[in-house]
Amino acid sequence: MMEAIETPGKTKIAVSTPIQIGGNVITPKQLATIASAAGRDAHIEITPFRQIYVEVPVDEKERVTEALQQAGLEVFPAGAVVKGLIACQFCKGAEDAGLATAQAIHQAISGIATPVPIKVAYAGCALGTSEPLLKDIGIVKMKDTFSIYVGGEAKGIKAAAAELLAEGLEEGQIIPAVIKMIDFYKANAKGKEKFGKFIRRMTLEKIREAAGLAV
């Protein structure tokens, strides 16, 4: 998805519902809050990132953000950042599917500035309904451990499935590994190099080492 050019004097914010059982559920009250806070002339865009972009006047950003947060919504930067976590519906239950883990990942990485937007998905089981193998970074809970996949690309004639980076990981290893990968990408990407292309150029071995997952 191309990042739309902002209107002079306005800025975009990325709005999403929290990571929760049921997936991308939004209430009528929350929808009404978005419309009311943004104003009748606001530009509102539904994105593939599990987010809604809302363009607001720069001097109204703080007020709008506060109103949205009070309605139980989350607000992150738009543009070239790590997008909000794309999660499954946790159909196996909060504990079995790792809801708390997904929520922690979401809060830790969403909004980190990157050369190009990065999509990260979380699936609570091998069904993978959040399509983790089609995202830049995919995290899959496998009973009591986790697997990380990298380099997925869903678009274009060179679409590719993500490759397994590591498996059998403990919960405490996930966030540090993902943040280290993102930092390594930011430090070594060539211009606006896509994450998947970067992974293939650097090789899985170097990515494992950078993420602290090398055996």
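How many residues lie between β2 and β3 in their hairpin, and which residue in the turn has a positive phi? Five residues separate the two strands, and R50 is the turn residue, with a phi of about 65°. Start the tour there.

**Before you select anything**

This is a predicted model: local features need pLDDT of at least 70, side-chain atom pairs count only at pLDDT 80 or more, and totals for chains, interfaces and linings use all residues. Residues are numbered from 1 along each chain as its sequence is written, and side-chain values use heavy atoms, with hydrogens and water left out.

**Stop 1: the sheet**

Select β2, β3, β1 and β4. Strands here are DSSP runs of E, at least two residues long, and helices are runs of H or I, at least four, numbered from the N terminus. Two strands pair if DSSP finds at least two bridges between them.

The four strands form an open sheet in the order β2-β3-β1-β4, with antiparallel pairing. β2 and β4 (74-77) stand at the edges with a single partner strand each, so one side of each has no neighbour in the sheet. From one strand to the next, the twist averages 30°.

Now colour β3 (residues 52-57) alone. Five of its six residues are buried, so β3 is largely enclosed by the rest of the structure. Buried means under 20% relative accessible area, exposed over 50%, and partly exposed in between (1.4 Å probe, protein chains only).

Look at one side of β3, then the other:

- Strand β1 (residues 10-16) runs antiparallel to β3 and is joined to it by six bridges. V15 has I52 as its bridge partner in β3. T11 stands opposite V56.
- Strand β2 (residues 43-46) also runs antiparallel to β3, through four bridges. Pick E45 here: its bridge partner in β3 is Y53.

While the side chains are on, keep one rule in mind. In a regular strand the side chains alternate between the two faces of the sheet.

**Stop 2: the pocket by the hairpin turn residue**

Return to R50 and select T17, N24, Q51 and I52 with it. Of the 14 residues lining the second largest pocket, these five are the closest to its centre. The pocket holds about 180 Å³ of space. Its lining has eight nonpolar, five polar and one charged residues.

Some terms for this stop and the next. On a 1 Å grid over the protein atoms alone, a pocket is an open set of points with protein on both sides within 12 Å along at least five of seven lines; a cavity is a set where a 1.4 Å probe fits but cannot get out; lining residues have an atom within 4 Å of a point. Volume is the space filled by probe spheres set on the points, which are joined across faces, edges and corners. Ala, Val, Leu, Ile, Met, Phe, Trp, Tyr, Cys and Pro count as nonpolar, Asp, Glu, Lys and Arg as charged, and the others, Gly among them, as polar.

**Stop 3: the cavity**

The structure holds one cavity of 30 Å³ or more. The largest cavity has a volume of about 70 Å³. To find it, select residues of its lining, including C88, F90, C91, A123, C125 and L127. The lining divides into seven nonpolar, four polar and one charged residues.

**Stop 4**

Most residues other than glycine have a negative phi. F90 is found in the loop between β5 (86-87) and α3 (94-97), and F90 is buried at 3% relative accessible area.

Now jump to E131. It too is not a glycine, and its phi is positive at about 55°. E131 lies in the loop between β6 (120-123) and β7 (137-142). Is E131 buried or partly exposed? At 46% relative accessibility, E131 counts as partly exposed.

**Stop 5: the aromatic cluster**

Finish with rings. The structure holds five aromatic pairs. Rings of Phe, Tyr and Trp (its six-membered ring) pair if their centres lie within 6.5 Å; planes under 30 degrees apart count as stacked, over 60 as edge-to-face and the rest as tilted.

Select Y185 and F195. This pair is edge-to-face, 5.2 Å centre to centre with 80° between the planes. Y185 sits in helix α5 (residues 171-188) and F195 in helix α6 (residues 195-202), ten residues apart. Y185 is buried at 0% relative accessible area, and F195 is buried at 1%.

Ring pairs link F184, Y185, F195 and F198 into a cluster.

Note on methods. Axes fitted to C-alpha atoms, helices over the stretch in contact; angles between N-to-C directions.
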